[in-house]
Amino acid sequence: MDIRISPSILNADLSHLSDEVARIPSADFVHLDVMDNHFVPNLTFGLPVVANLRASCALPMDVHLMIDDADRWAPSYAEIGCESVTFHIEAAAEPVKLCRTLRGLGAKASVAFKPATGVDAYAELLPEVDQVLIMTVEPGFGGQSFMEDMLAKIRRVRELIRALDKEIWIEVDGGVNEQTVELAAAAGANVFVAGSAAYRNADPDQVVQGLRARAERAFEG
Ligand code: DX5
Ligand code: ZN
């Protein structure tokens, strides 16, 4: 399964988004963290900003919605052309319906799990999704440390996916760096968000290439 690197611009200069995205040409996606100050205790940007960025953005968009009432808001991100739309399972009333809507609009349907949310209760949702996002920090802020106890959850999701015989990606988000990317890849993750690791470096594109090389070596599908 291909490795994808999706840098998060949360820790970039948000007043120059297009320029910041242009600094990561080797990335597979740009990861956009939408926060509403309800689902998480932080506020970033919403649909108008993402829609404007869409026009100038050369990379596919990986939108991570950390917002309440995902059923209501997520489809709009697919409608404006975001290639991947992630909603949190804790914030969706009808996740199956939402996945089908997102896919019907041409986006990848992706479901995220906070650290405290177990995955087994949602095994039946897996055939409806293109990607599972495992949070490896509490959502809301960049720059936190990778929670190694989430590796078991990654392994469990990969096991559930293997039984389905479908190509479903596992994305990890939070504290991904040169060391932790290998742990997550060895546990079965194949999509890696990197916020501070990329943008706190003078050359974020080099970080993208380094993470990809390490993940490719370590990946265990
Ligand atoms: C946190 C966000 C992340 C964040 C990751 O809630 O979902 O995407 O940008 O930042 P780092 O890589 O610094 O942990
Ligand atoms: Zn994120």
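User: How far does a polar side-chain atom of Asp173 lie from an oxygen atom of ligand 1?

Analyst: The distance from a polar side-chain atom of Asp173 to an oxygen atom of ligand 1 is 2.7 Å. This is a polar contact, meaning a pair of N or O atoms within 3.5 Å. This is a predicted model, in which local features need pLDDT of at least 70 and side-chain atom pairs count only at pLDDT 80 or more, while totals for chains, interfaces and linings use all residues. Residues are numbered from 1 along each chain as its sequence is written, ligands are numbered from 1 in the order in which they are written, and side-chain values use heavy atoms, without hydrogens and water.

User: How much of the accessible area of ligand 1 does the protein cover?

Analyst: The protein covers 100% of the 380 Å² that ligand 1 has on its own (Shrake-Rupley method, 1.4 Å probe).

User: Which polar atom of Gly140 is 2.7 Å from an oxygen atom of ligand 1?

Analyst: In Gly140 it is a polar backbone atom. Ser8, by contrast, places a polar side-chain atom 2.8 Å from an oxygen atom of the ligand.

User: Which strands supply at least two residues each to the shell around ligand 1?

Analyst: They are β2 (30-35), β3 (61-66) and β8 (191-194); strands here are DSSP runs (E, at least two residues), numbered from the N terminus.

User: Now the spaces. Where does ligand 1 sit?

Analyst: Ligand 1 sits in the largest pocket, in the sense that more than half of its atoms lie within 2 Å of the pocket's grid points. On a 1 Å grid over the protein atoms alone, a pocket is an open set with protein on both sides within 12 Å along at least five of seven lines, whereas a cavity is a set of points where a 1.4 Å probe fits but cannot get out; lining residues have an atom within 4 Å of a point.

User: What is the volume of that pocket?

Analyst: The largest pocket has a volume of about 260 Å³. Gly142, Gly143, Asp173, Gly174 and Gly175 are the closest to its centre among 24 lining residues.

User: And what lines the largest cavity?

Analyst: Its lining includes Phe113, Tyr122 and Leu160.

Methods. Polar contact = N/O pair within 3.5 Å; in protein donor to acceptor, adjacent residues only side chain to side chain. Helix = DSSP H or I, 4+ residues; strand = E, 2+ residues; numbered from the N terminus. Points joined across faces, edges and corners; volume = space filled by probe spheres on them.
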